[in-house]
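Please keep the sequence and the structure at hand while reading.

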Amino acid sequence: MVMDENRVKRHLLYHYFMDYHYEDGNIIGYMTTHPLPISIWAHNLFIDSNMGNPKLFPGTSKMEKYVVRWLSKLHSGKNVEGKLLSGGTESNITSIWIAKMMGKRNLIVGESAHFSFLKAASLMNMNVRIIPLKNDFTIDYSKIDAGEDDIIVGVAGSTEFGTIDNISKLNDISRKSGAFLHVDAAFGGYVIPFLKKMNYNLPDYDFRFDYVKTISIDPHKMGLATTPSSVLLTRKGLYRKIEIPSPYLTKTRSSTLLGTRNSASIASAYANIKYLGIEGYMDIVKYCMENTRFLRDISLDNRFELLLEPVMNIVNIKIRNVRKTVKKLYPKWIVSPIERYDSIRIVLMPHVNRISLEKFIKDLKDLQSKI
Ligand code: 0PR
């Protein structure tokens, strides 16, 4: 042994305290949070599970099916399958990979689509057409000229604005053109269904639209599960398009990008669903939306302008000199710059509270008066 356990632990704590932590209250611009305690317990219990070799882990496999069924039901899915992948990036890449194997060659994304689609296009040598946004920060579908070689991406809960593209229109375009339609609900998939159950007037985006082929939904964002985790739901049979032989494993065909798959996150996502259920998730989303409203109101009271009325638990505050302000706020406040729209993004995750928000707005106001 080079070091005894206690010394290793001291080293770990030293590095732990170098990091920022959600419970400190200063990370207010990012869409991850501290996982629920039950999901951490579940994660640790299944720490050595590997769904790359599923027949060694039938219990984990059963939980994965349960999580997929639950999310499918929440997304009007019939004849839908899914797998728990490593994050929104892997889900989006996998969807584009499936589409590629179905003969698609070009990617059409809105200007606010997540950068993971550019990675997918780079990996698969695809052309990308970037479509501008309308005034409401959703994709301007009237500017899409799609053909049957194309993939159209719609976003339900955009990374920067929390807006929801008009999937109904994208579905029509897909029907007419034969383009493949993917919906990125990495953030919105654990928010919008619950808001709709609370009678928020939000557009539909899920499998009720017959041309939606795949949907990404991330438990490690608003699902409050451990990282890494994302579920890619697909119409039945689509994972088969990317199947590769894996002859020496317990399942002789592999249809995920990763071989060894971190499967503790399956247990984590499962635990949260069992613990919270739909009602519990509704309560969490309700709390986040109350804080969204609170931040909106105190921002306006302090003469800030918002880039848009919040759709979900994301607020964009317009400021001057974005880069400099964000730099000056750090590390007291960690927010995301959206420089091209002269604004900053605050994501009202469950760890963000009103006391922090009040202090933040005061600091922002002081700083802006000096910049
Ligand atoms: N799709 C959407 C709509 C997203 O917002 C994101 C990530 C992804 C896909 C990709 O997901 P993964 O990061 O799981 O691969 N959006 C977050 C963001 O860019 C990711 C994030 C979260 C980054 C927390 C930093 C961080 O501290 O804000």
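In which hand does helix 4 pass helix 5? Helix 4 passes helix 5 in a crossing that is right-handed, and, as with everything below, this is read from a predicted model.

## Helix 4 and helix 5

The two helices of this pair span residues 88-101 for helix 4 and residues 116-123 for helix 5, and they pack with their axes 9 Å apart at an angle of about 45°.

On the side of helix 4, the contact is formed by Thr89, Asn92, Ile93 and Ile96, while helix 5 contributes Ser116, Phe117, Lys119, Ala120 and Leu123. Sorted by class, the residues of this contact comprise five nonpolar, three polar and one charged.

## Helix 8 and helix 10

Helix 8 covers residues 264-301 and helix 10 covers residues 354-370; their axes come within 10 Å of each other and cross at roughly 20°. Because angles under 35 degrees count as roughly parallel, helix 8 is described as roughly parallel to helix 10. The crossing of these two helices is right-handed.

Helix 8 brings Glu290, Asn291, Phe294, Leu295, Ile298 and Ser299 to the contact, where they meet Arg354, Leu357, Glu358 and Ile361 of helix 10. Five nonpolar, two polar and three charged residues make up the contact of helix 8 with helix 10.

## Helix 2 and helix 8

Helix 8 also packs with helix 2, which runs over residues 37-45, and here the axes come within 7 Å and cross at roughly 145°. Helix 2 passes helix 8 in a right-handed crossing.

From helix 2, the residues Ile38, Ser39, Ala42 and His43 meet a set in helix 8 that consists of Ala264, Ser265, Ala267, Ser268, Ala271, Asn272 and Tyr275. The contact of helix 2 with helix 8 includes six nonpolar and five polar residues, and no charged ones.

The lining of the largest cavity is formed by Leu84, Leu85, Ser86, Glu90, Pro228, Leu258, Arg261 and Asn262. By class, these lining residues divide into four nonpolar, two polar and two charged.

Notes:
Residues are numbered from 1 along each chain as its sequence is written. This is a predicted model: local features need pLDDT of at least 70, side-chain atom pairs count only at pLDDT 80 or more; totals for chains, interfaces and linings use all residues. Side-chain values use heavy atoms; hydrogens and water are left out. On a 1 Å grid over the protein atoms alone, a cavity is a set of points where a 1.4 Å probe fits but cannot get out, and a pocket is an open set with protein on both sides within 12 Å along at least five of seven lines; lining residues have an atom within 4 Å of a point. Ala, Val, Leu, Ile, Met, Phe, Trp, Tyr, Cys and Pro count as nonpolar, Asp, Glu, Lys and Arg as charged, and the others, Gly among them, as polar. Axes are lines fitted to C-alpha atoms, for helices over the stretch in contact, and angles run from 0 to 180 degrees between N-to-C directions. Helices (H or I, at least four residues) and strands (E, at least two) are DSSP runs, numbered from the N terminus. A crossing is left-handed if the near helix is turned anticlockwise from the far one by less than a right angle, and right-handed if clockwise. Contact means heavy atoms within 4.5 Å. Angles under 35 degrees count as roughly parallel, over 145 as roughly antiparallel, 65 to 115 as roughly perpendicular and the rest as oblique.
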